[in-house]
Amino acid sequence: MFDRAVGLALAPGGLLVSEAKEIGVVGGEQNQRIRRVAFDGTVTTVAGNGDAGYVDGPASRAEFDQPTGIWADSDGGAFIADSFNYRVRRLDASGVVSTFAGSGPVALPTDQGEFGFPPENVAITGNGSSNGEFAYPFTVIGNDQGYLFVGDAAAIESVNPSGTIGIVAGVPNAAAYRDGNPATARFNFLSALALSPSGLVVGDSTCLRLMSGTPSMLYADGMVSTLAGKCADSEGVNFQDGSGSQARFGAVTGLATDAYGNIYIADGPKARIRKASSQ
């Protein structure tokens with residue numbers, strides 16, 4: 001049984017599932033765990049003791065607080081966006097959990113917004129530092145060059161192999177909507193990420209966007225454009241198939257791509273899997 005299965009990653013031997021706790025629910029099971037679903041259907045816990053907290057170490061004793069996005073690497077490990085710990089954690093192939101990037105909360109819980117966002121007047125420091133801060137890391141994905149891309153509240157951020165954080169586009173705790181170059185582009189909430197031949201596909205709450213450019217340049221040579229949906233829409237309200245701006249999403253809660261350039265979208269509030277065709 002699962003409580004709130006948030007993230008999925010394809011890994012050797014099966015699927016890795018990050019399982020958080022429903023926000024706003026008091027009591028009951030925390031289920032702050034990373035689970036594995038083997039290809040034969042067997043479910044096991046691979047990290048987390050079920051308590052909400054922040055503890056590195058052996059997987060059975062490690063603690064997470066709202067683990068959301070997860071990405072499995074080619075070495076048999078995984079990276080986890082540990083949202084309420086404001087860090088990216090690493091689960092290695094030997095079963096040890098460590099902190100890969102992020103130095104913890106930037107604001108007191110009483111000052112944070114509904115989903116854990118810090119106020120706009122709070123500085124998010126450490127850009128370009130291995131001791132940098134996240135505003136609210138929710139989704140994570142990696143590339144062949146060893147870089148991670150993190151959907152950090154209202155910004156796309158990169159993390160290099162040594163854990164140094166850099167902003168690719170957007171401002172973490174200043175939600176807005178604007179297409180354009182990385183320096184001026186703005187996002188509302190980075191809810192999902194996927195790599196495609198065209199660039200970095202971005203689920204921005206109620207719309208689908210693209211960060212084009214060269215992966216080795218961390219997309220800094222590209223542009224942000226809107227592919228489909230209405231950005232800054234009321235989440236969970238609208239649903240409509242169609243081309244580009246005619247389409248409407250309840251919310252983009254998951255993304256996947258194929259070799260042909262098609263994009264598959266989990267529209268959570270509308271309980272549907274959608275497809276954005278490359279044709």
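Two strands are said to pair if DSSP finds at least two bridges between them. Strands themselves are DSSP runs of E with at least two residues, helices are runs of H or I with at least four, and both are numbered from the N terminus. With those terms in place, I turn to the structure above.

This is a predicted model, in which local features need pLDDT of at least 70 and side-chain atom pairs count only at pLDDT 80 or more, while totals for chains, interfaces and linings use all residues. Residues are numbered from 1 along each chain as its sequence is written, and side-chain values use heavy atoms, with hydrogens and water left out.

Let me begin with the overall picture. The chain has zero helices and 20 strands. Its C-alpha atoms fill a box of roughly 45 × 45 × 40 Å along the principal axes. The radius of gyration, taken over C-alpha atoms, is compared with a globule rule of 2.2 Å times the number of residues to the power 0.38. For 279 residues a compact globule would have a value near 19 Å, and the chain, at 18 Å, agrees with this. Buried residues account for 50% of the 279 residues; here buried means under 20% relative accessible area, exposed means over 50%, and partly exposed lies in between, with a 1.4 Å probe and protein chains only.

I come next to one of the sheets. Five strands form an open sheet in the order β5-β9-β8-β7-β6, with antiparallel pairing. Its edge strands, each pairing on one side only, are β5 (57-58) and β6. At the β5 end, two bridges in the antiparallel sense link this strand to β9, residues 96-101, and proline 58 has valine 96 of β9 as its bridge partner. At the other end, β6 is joined by four bridges to β7, residues 78-82, and the two run antiparallel. Proline 67 finds its bridge partner in aspartate 82 of β7. β6 and β7 also form a hairpin with five residues between them, and glycine 76 in the turn has a positive phi of about 90°.

In general, a disulfide is a covalent bond between the sulfur atoms of two cysteines; the criterion applied is a pair of cysteine sulfur atoms within 2.5 Å. The structure holds one disulfide, between cysteine 207 and cysteine 231, with an S to S distance of 1.9 Å. The link is right-handed, with 95° about the S-S bond. Cysteine 207 lies in strand β16 (residues 207-211) and cysteine 231 in the loop between β17 and β18, so the pair ties together parts that are 24 residues apart in sequence. Cysteine 207 is buried at 0% relative accessible area, and cysteine 231 is buried at 9%.

Serine 243 lies in the loop between β17 (224-229) and β18 (252-257). At 55% relative accessibility, serine 243 counts as exposed. Between serine 243 and alanine 228 there are 7.0 Å from C-alpha to C-alpha, at a separation of 15 residues in sequence.

Finally, the pockets and the cavity. On a 1 Å grid over the protein atoms alone, a cavity is a set of points where a 1.4 Å probe fits but cannot get out, whereas a pocket is an open set with protein on both sides within 12 Å along at least five of seven lines; lining residues have an atom within 4 Å of a point. Grid points are joined across faces, edges and corners, and a volume is the space filled by probe spheres set on the points.

The largest pocket has a volume of about 1500 Å³. It is lined by 48 residues, the closest to its centre being Val6, Ala192, Thr253, Gly254 and Leu255. β1 gives the largest share of this lining, seven residues.

The second largest pocket holds about 340 Å³ of space. Among its 23 lining residues, Leu208, Ala228, Ile263, Ala276 and Ser277 lie nearest its centre. The largest share here, three residues, comes from β20.

There is one cavity of 30 Å³ or more. The largest cavity has a volume of about 50 Å³, and the residues that line it include Ile124, Glu133, Glu157 and Pro172.
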